[in-house]
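Hi,

Here is the structure I promised to pass on to you. Have a look at it first, and then read on for my notes.

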Amino acid sequence: MFINKIKIINSINIVKNQSSFQSCKIINNCSYNNNNIFKREMTTNSNQDNIIEFKGHNEIQIQLMKEECIVVDNDDKPIRPGSKKETHLMVNINNGLLHRAFSIFLFNGEGKLLLQQRALEKITFPGYWTNTVCSHPLWIVDSELKEENAQGVKIAAKRKLNHELGVPLDQVDTNDFTFMTKIHYKSESKEDPQWGEHEIDHILIMQKDGITINAEPNEVMDYKYVSQEELDQLFKDEDEGKVKVTPWFRLIALNHLKPWWNNLNNLKPLVEPTNTIHRY
């Protein structure tokens, strides 16, 4: 038996091989070779992190709130780690706490956009329709802190496509993603206003056919591909109170998405510099 021991750091398993002492990380069910990434020290965050109690929330989602997001300054420069719990509490957000995020827009060969409906188990924005995947790169994963060509968020995006939608890791390459721009926004979660979002969100687009989806029910309650006309109808339905749509998705869709959608075969001229941040 080669496996000597298993250490668990938050949602990360480190498996050491007795002969080579090579480490393998499993983060949100995705394996990573230690040659590409390694761990950073965990830190104690806000005192608020230990005060707020979870009431009636799903245990899996509570455990995921231990993940370490990347706290950034107003220009998206990494400062320190901050737990998902710390960075999503409005008491901290209202004091200026800001973290890094990404939003994936996955299109199929027909040019339809894949949407997901967030599971009711989610602590923030449960049951809301949103873009393909919205999540965060992790401080503890060195490769997800890479800045050049938005490589860090692309690595995280591949991991979360697998975690949330069950997309096999071998079906997606980081080069499949095109970084488009960043948005900075803040929004309270109406269902439980102690929680919210305050993010600099990196927008990633991918167009690919043959994607296998096996959605994780604790993350995603439904998903569908939509045309531009169908997305317009979704926003009309939201205006009429028939559905809920995440605020960041609506911001991106109404302010940026149409020219990208109309030029999926030629996105490069529309890519903005990585220091461009649209403030909302």
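Let me start with Q116, which counts as buried because its relative accessibility is 2% (buried is under 20% relative accessible area, exposed over 50% and partly exposed in between, with a 1.4 Å probe and protein chains only). Before going further, please note that this is a predicted model, where local features need pLDDT of at least 70, side-chain atom pairs count only at pLDDT 80 or more, and totals for chains, interfaces and linings use all residues. Residues are numbered from 1 along each chain as its sequence is written, and side-chain values use heavy atoms, with hydrogens and water left out.

Q116 sits in strand β8 (residues 113-118); strands are DSSP runs of E with at least two residues, numbered from the N terminus. The Q116 side chain reaches the backbone oxygen of T132 at 2.9 Å. Leaving aside residues up to four places away in sequence, Q116 touches several residues, including Y128, W129, T132, E164, E219 and Y223 (contact means heavy atoms within 4.5 Å).

Next comes strand β5 (residues 68-72), where five of the five residues are buried, so the strand is largely enclosed by the rest of the structure. E68, I70 and V72 point one way from β5, while C69 and V71 point the other way. β5 pairs with strand β6 (residues 78-83) in the antiparallel sense over five bridges; two strands pair if DSSP finds at least two bridges between them. In this pairing, C69 stands opposite G82 of β6. The two strands form a hairpin with five residues between them, and D76 in the turn has a positive phi of about 70°.

Strand β11 (residues 178-188) is also largely enclosed by the rest of the structure, because eight of its eleven residues are buried. Which strands does β11 pair with? With strand β12 (residues 196-207) the sense is antiparallel, over ten bridges, and T178 stands opposite I205 there. With strand β14 (residues 277-279) the sense is parallel, over three bridges, and H184 stands opposite R279.

Finally, a word on cysteines. C69 counts as buried because its relative accessibility is 1%, and C134 counts as buried because its value is 13%. The disulfide count comes to zero, a disulfide being a pair of cysteine sulfur atoms within 2.5 Å.

Note on methods
Helix = DSSP H or I, 4+ residues; strand = E, 2+ residues; numbered from the N terminus. Polar contact = N/O pair within 3.5 Å; in protein donor to acceptor, adjacent residues only side chain to side chain.
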